[in-house]
Amino acid sequence: MKKRNCIPAIVCSSLMALTACQNESENTSFPTDLAMHVVAGIGNTTVPTGRYAGDSPNLAMFDEGDDIGIFVDDQAAVQWTYTNQTWKPARTVYWPDKENPHAFQAFYPYTTAASPAEIPMPGLKEQTGTMESVAACDFLVAQTTQAYGSNGVVDFQGEGKSFRHISSLVQLTIKAGGDLNGATLTALSLEGEGLVAPSRYSFADGVSYTPDETSNRLALDLNLSMGTADATYYLVVNEKTDASTPVTLSLQYTSGGQSYTATLNGLSGNVFKGGMMQRFTLSVQNLELFVTGSTISPWVEGNELEDLIIDAKKDEV
């Protein structure tokens, strides 16, 4: 799947033609075993292109070959694959009836799931900081209740019905210049309780975590020589709203043969809200790491944080 915006974008799929036709002269009832069809989008906009457009987190759309799972009235999930701008099921799915509304719950990416209350989410521990890596870790859900209507199409588009992000996205932009002029970035990390813990999703209860010994730290090995261009990295983490368990941001770099570590302790717990993106802009001046222009946006427009200053220190030799 390609990343759309943390402000989501939509993907529209073409409708499949109904195969059952009736002669107007035939005095027969409407068939009750009509095949089900699906259209799906991400977010509430209507941009009909790509899942994650290039390196931008602002546009995301479903890509050729993407798979979603759909529960119908709590029955076992069926895999649907996006092929030639159409969602195609692994097996034909029929509406239970034409008259009554039915509950549809969908999730991306598809995985074998026993019920809408226990869906495994992608692992978050192996990331590279790229949008491709974000796409591999992203988890989205959608739900709607509707009847057959005029054409039997289940519509996962628009306000309250389209796919939405469940995890939190962090964008870290490191400014060129200052103390980083000619420096080599060696590592970037976030550390906090359960940030990358294995997770499961329930449509009734949300996300549940199973922490282990590697659940608290997400680190990138960079080995990047800073030139005149800024460097931007993206990380997907579990939602975090408990301010009593702080998150630490660290940047390691070398300059003039000396290694340095800049660390910010106690990031506010509410900056890692599910479905939202937290942006940090980092720069280093006089051995201090400045975090500026920090904002929360949606994957939705949100609050703007005050500028933060982080002290840098030389690493012990």
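The average pLDDT of the protein chain is 79, and 73% of the residues score at least 70. Two stretches call for caution. Over residues 45-54 the pLDDT stays under 50, although the model has 46 contacts for this stretch beyond four places in sequence. Residues 300-311 likewise have a pLDDT below 50, and here the model shows 40 contacts beyond near neighbours in sequence. Where pLDDT is low, the predicted coordinates should not be read in detail.

The protein chain has 317 residues, of which 47% count as buried. Its secondary structure comes to 1 helix and 20 strands. The accessible surface of the protein chain amounts to about 14,800 Å², and carbon and sulfur atoms account for 47% of that surface.

Strand E5 belongs to an open sheet of 6 strands, whose order is E4-E3-E2-E5-E7-E9 and whose pairing is antiparallel. The edges of this sheet are formed by E4 and E9, each of which pairs on one side only. Within the sheet, strand E2 (residues 67-72) and E3 run antiparallel and are joined by 4 bridges, and Gly 69 has Gln 79 in E3 as its bridge partner. Between strand E3 (78-83) and strand E4 (86-89) lies a loop that contains Gln 85. The phi angle of Gln 85 is near 65°, a positive value in a residue other than glycine, and Gln 85 counts as exposed because its relative accessibility is 51%, the cut-off for exposure being over 50%.

The side chain of His 165 is joined to that of Asp 138 by a polar contact of 3.0 Å.

A second open sheet has 3 strands in the order E6-E12-E13, and its pairing is also antiparallel. Strand E6 (119-120) and strand E13 (206-209) are the edge strands, each pairing on one side only. E6 pairs with strand E12 (residues 199-202) in the antiparallel sense over 2 bridges, and the bridge partner of Ile 119 in E12 is Tyr 201. On the other pairing, E12 and E13 run antiparallel and are joined by 4 bridges, with Gly 206 in E13 as the bridge partner of Ser 202. These two strands, E12 and E13, form a hairpin with 3 residues between them. The loop between E5 and E6 contains Pro 109, and a cis peptide bond with an omega of about -5° joins Tyr 108 to Pro 109.

The largest nonpolar core contains 37 residues, and those that touch the most other members are Val 170, Ile 174, Leu 180, Leu 185, Leu 188, Leu 190 and Tyr 253. At least two residues of this core are supplied by each of helix H1 (131-137), strand E10 (168-174), strand E11 (184-191), strand E14 (217-225), strand E15 (231-237), strand E16 (247-255), strand E17 (258-267) and strand E18 (277-285). The largest share, 6 residues, comes from E15. A second, separate core has 24 residues, including Ile 42, Phe 104, Ala 142 and Val 154.

The surroundings of Ile 174 can be listed in detail: leaving aside residues up to four places away in sequence, Ile 174 touches Leu 180, Leu 185, Leu 188, Met 226, Asp 230, Ala 231, Tyr 233, Leu 251 and Leu 282. Strand E14 also contains Asn 223, whose phi is near 50°, a positive value in a residue other than glycine. Asn 223 is exposed, because its relative accessible area is 68%, which is over the 50% cut-off.

Methods. Residues numbered from 1 in each chain as written. Predicted model: local features only at pLDDT ≥ 70, side-chain atom pairs only at ≥ 80, totals over all residues. Heavy atoms only, no water. Buried < 20%, exposed > 50% of the residue type's maximum accessible area, 1.4 Å probe, protein only. Areas by Shrake-Rupley, 256 points an atom, 1.4 Å probe, with all protein chains shown as cover. Pairing = 2+ DSSP bridges. Polar contact = N/O pair within 3.5 Å; in protein donor to acceptor, adjacent residues only side chain to side chain. Core = buried A, V, L, I, M, F, W, Y, C linked by side-chain atoms within 4.5 Å. Contact = heavy atoms within 4.5 Å. pLDDT = per-residue confidence, 0-100.
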